[in-house]
Amino acid sequence: MGKTIIISNRLPLQINISENDLEVSPSVGGLATGLKSFHQEGDSIWIGWTGLASEEIPENLKPKVLEKAKSQGCIPVDLTSEEIEKFYYGFSNRTIWPLFHYFMEYTEFDAEHWEAYKQVNQKYADAVIEKLEDGDTVWVHDYQLLLLPALIRKEKPKVTIGFFNHIPFPSYEVFRTLPWREEILRGMLGADLLGFHTYDYERHFLRSVNRILHYDINFNAVNKGNRIVKADSFPMGIDYNKFRNSALEHKSQPKSETTDIQKKLDYHKYVSKGTKLIISIDRLDYTKGIANRIRAFGYFLEKYPEYQENVRLIMLAVPSRTNVPQYQLLKKEIDELVGRINGKFATVNWTPIWYFYRSMPFDNLIDLYTSSDVALITPVRDGMNLVAKEYIATRTDNTGVLILSEMAGAAQELSEALLINPNNFEQIVDSIKYALEMPEEEQIRRNKIMQKRLRRYSVEKWAKDFMTNLRETTWTRKTFRTLEINEIIKKDLFEKYSEAGQRILFLDYDGTLVNYEDKPEDAKPDPELIELITSLGRQENTRVVLISGRDKETLGAWWNSPDIDLIAEHGIWFKKGEGEWELTETLDCEWMAKIRPVLETYVDRTPGTFIEEKNYSLAWHFRKANPELGEVRSNELSAVLRDLISDHGLSVLKGNKVLEIKNSSVTKGKAAGKLLEENYDFLFAIGDDYTDEYFFNELPDNATTVKVGMSKTQAKYYIKTSEQVSELLSQFLSLTH
Ligand code: ADP
Ligand code: G6P
């Protein structure tokens with residue numbers, strides 16, 4: 001088994017230059033902190049950015065940067081300051097980040113930023129391809145690299161690629177506003193497996209794929225025609241033991257060895273006995289709800305004045321994306337708010353808010369987590385929020401209360417926390433009071449349950465689960481029972497074709513020779529296709545039969561040639577060359593008058609659907625309807641119809657976005673079977689949908705049956721696209737020229 005290549009915009013190490021030397025510190029943020037443990041333990045390399053612009057690194061220090069990165073299994077990608085401005089501060093953090101967190105008013109659509117995003121994604125792709133060896137697995141992370149899976153797939157079609165989205169995926173209604181929505185989805189679909197923190201994000205993604213790209217979704221699998229892509233939810237965990245053990249060590253530390261912050265915290269507890277500490281830790285980001293949290297704390301002191309001088313909020317905010325205007329404004333707003341609340345309530349002995357605007361070493365984080373009675377985490381939107389999980393993990397005596405916004409992905413796993421709506425001030429304030437007064441037994445009971453869950457679903461387990469699922473997708477790809485037509489199969493097929501005395505080719509039309517169009521009448525054959533198929537029919541000892549569900553008028557108008565036979569309406573009509581249409585069976589049509597009104601009620605209720613009337617069948621098309629509604633209504637309608645038609649010798653066929661009602665005695669298989677009375681030694685049949693399975697089934701064992709697309713089939717082989725079908729048929733033709 002090869003190595004894993006992890007790629008994220010930012011490496012887990014941050015490099016700074018001071019006095020012509022390098023300073024290395026760990027990166028902040030859930031992605032880097034979480035994934036670091038997986039990286040340290042496994043056989044992986046990590047490709048990403050060091051946090052410095054290439055122009056900022058003096059030539060003499062460049063080898064040192066490489067060396068430092070290498071010592072931690074990392075490979076830096078160089079970004080110029082222009083790329084950082086347009087790709088990182090630009091498209092990543094002024095378009096995708098606000099949009100995916102539902103901050104539409106902050107979202108900028110800038111074509112130059114988009115160009116830079118594409119270029120930098122290509123840069124990352126090149127860096128990956130340079131390191132990629134056979135058997136390696138690629139794991140791409142987060143919203144800065146949404147195009148990367150497809151860019152890698154383009155160069156290396158067979159490689160196994162996973163993608164994990166660390167931030168929310170917004171609802172279709174929000175996502176659809178993005179001008180480059182198709183490109184983004186296609187980029188992501190280059191992966192084999194797409195991971196999200198929650199089921200909701202996964203569903204939002206799948207819905208967008210369905211609505212925007214019109215791919216069919218089967219449970220959590222996207223059928224791209226040539227590939228199946230899976231989406232699933234994997235809530236990211238933390239390195240539970242690391243936090244737990246550090247907290248335990250911290251507890252047994254001799255006084256002389258404690259950090260300055262811990263000394264300050266201890267002093268505070270000593271001089272103001274009985275006062276409580278509330279902690280809040282985040283990157284300074286508008287999604288984290290920091291301003292509202294401060295306001296709510298001010299309101300709390302007002303509503304419950306008995307807590308003045310008896311509680312303190314310690315707020316730690318890490319500087320983040322400081323070149324983006326909204327972050328600068330937020331910093332200003334928070335400085336002012338902290339000043340206002342402290343100014344309003346502070347006494348000689350007490351300041352209500354201690355505010356730190358900086359990153360802190362790991363030990364200090366542990367100091368803060370272990371010394372605080374309450375953690376107040378109130379994001380307005382957050383993909384996961386690891387801080388909430390870290391707080392719970394460090395509570396070694398099981399006390400402490402977590403107040404958590406229900407808008408954080410973590411809330412779905414931490415339901416024993418006090419969950420709040422970050423926009424509901426009264427609820428936040430009352431929850432703070434409830435938390436400060438919660439009996440110890442209740443704290444312990446709640447925390448124990450959450451700790452058990454966090455211990456079990458640690459970051460290690462998260463990564464392992466993702467990787468196992470990723471490998472399974474490749475395995476499924478390899479073990480798909482039907483074989484893809486490859487060069488070896490083609491060689492054999494061409495030999496049989498050339499040697500055959502009598503050949504018959506059954507060709508389905510829609511989805512096989514041409515792609516589907518919204519309106520059936522738009523899927524007309526072009527002159528090249530007509531030329532190709534008629535030339536095949538003109539070959540000696542070769543019979544070409546177009547076998548379609550189309551009505552005989554359309555099929556006859558498009559394909560009137562002495563060299564082609566036609567089967568229309570799923571086998572009801574047959575026409576030999578330029579001869580007359582013949583009925584293959586005598587059929588009764590009285591049922592149509594009864595069924596048509598039922599279909600009409602579904603047309604009325606389902607915008608975009610319509611009825612196609614054929615001579616002996618009725619079809620209800622829902623290709624242009626809202627895909628989800630179309631699916632729901634088609635299931636409903638087929639249940640209704642099945643009740644109505646029982647005992648009437650009718651059947652309901654579910655084709656590609658169409659339900660067709662016709663006499664059960666007629667099938668494409670039966671019609672094809674009738675033509676096999678002559679002795680053919682080369683039988684070939686190709687089709688794409690459910691109705692074609694009838695002739696795959698009916699043909700003798702020596703027939704070569706081919707399905708277009710990768711869904712379940714009785715055919716022996718599959719081919720990915722209708723373009724490849726034309727290519728294969730042209731190859732047949734060239735064999736005899
Ligand atoms: P996000 O990914 O949006 O930044 P998370 O809560 O998921 O939010 O992850 C934040 C990570 O950064 C946590 O692992 C936390 O320990 C770390 N972190 C947060 N604040 C600081 C800080 N001031 N100093 C160092 N690390 C921090
Ligand atoms: C979040 C994102 C990460 C990002 C981190 C820090 O956790 O999901 O992709 O790395 O924030 O943000 P930054 O812009 O500093 O990399």
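1. A quick definition before anything else: helices here are DSSP runs of H or I with at least four residues, numbered from the N terminus. With that in hand, helix α14 is the top contributor to the shell around ligand 1, giving three residues. Keep in mind that this is a predicted model.

2. On the overall layout: the protein chain splits into domain 1 (4-233), domain 2 (240-447), domain 3 (483-585 + 667-735) and domain 4 (591-663). Taken over C-alpha atoms, the centres of domain 2 and domain 3 sit 69 Å apart.

3. By element, α1 (30-41), β12 (276-283), β13 (311-318), α13 (362-371) and α14 (386-393) each bring at least two.

4. Now the shell residues themselves. There are 18 residues around ligand 1, and G30, R283, K288, M360 and E390 come nearest. Sorted by class, the shell has nine nonpolar, five polar and four charged residues.

5. An N or O atom in the R283 side chain is 2.7 Å from an oxygen atom of ligand 1, and a polar side-chain atom of T33 lies 2.8 Å from an oxygen atom of the ligand. For S359, a polar side-chain atom is 3.5 Å from a nitrogen atom of ligand 1. As for cover, ligand 1 taken alone exposes 570 Å², and the protein buries 91% of that.

6. Over to the aromatics: the structure holds 46 aromatic pairs. Take F196 and F205: their ring centres are 5.3 Å apart and the planes meet at 35 degrees, so this pair is tilted. Planes under 30 degrees apart would count as stacked, and over 60 as edge-to-face. F196 counts as buried because its relative accessibility is 0%, and F205 is buried with a relative accessible area of 0%.

7. Another tilted pair is Y509 with W558, at 5.9 Å centre to centre and 50 degrees between the planes. Are Y509 and W558 buried or exposed? Both are buried.

Conventions. Residues numbered from 1 in each chain as written. Chains lettered and ligands numbered in written order. Predicted model: local features only at pLDDT ≥ 70, side-chain atom pairs only at ≥ 80, totals over all residues. Heavy atoms only, no water. Domains from an automatic or database assignment. Near = heavy atom within 4 Å. Polar contact = N/O pair within 3.5 Å; in protein donor to acceptor, adjacent residues only side chain to side chain. Areas by Shrake-Rupley, 256 points an atom, 1.4 Å probe, with all protein chains shown as cover. Nonpolar A, V, L, I, M, F, W, Y, C, P; charged D, E, K, R; others polar. Phe/Tyr/Trp six-rings, centres within 6.5 Å; stacked < 30°, edge-to-face > 60°. Buried < 20%, exposed > 50% of the residue type's maximum accessible area, 1.4 Å probe, protein only.
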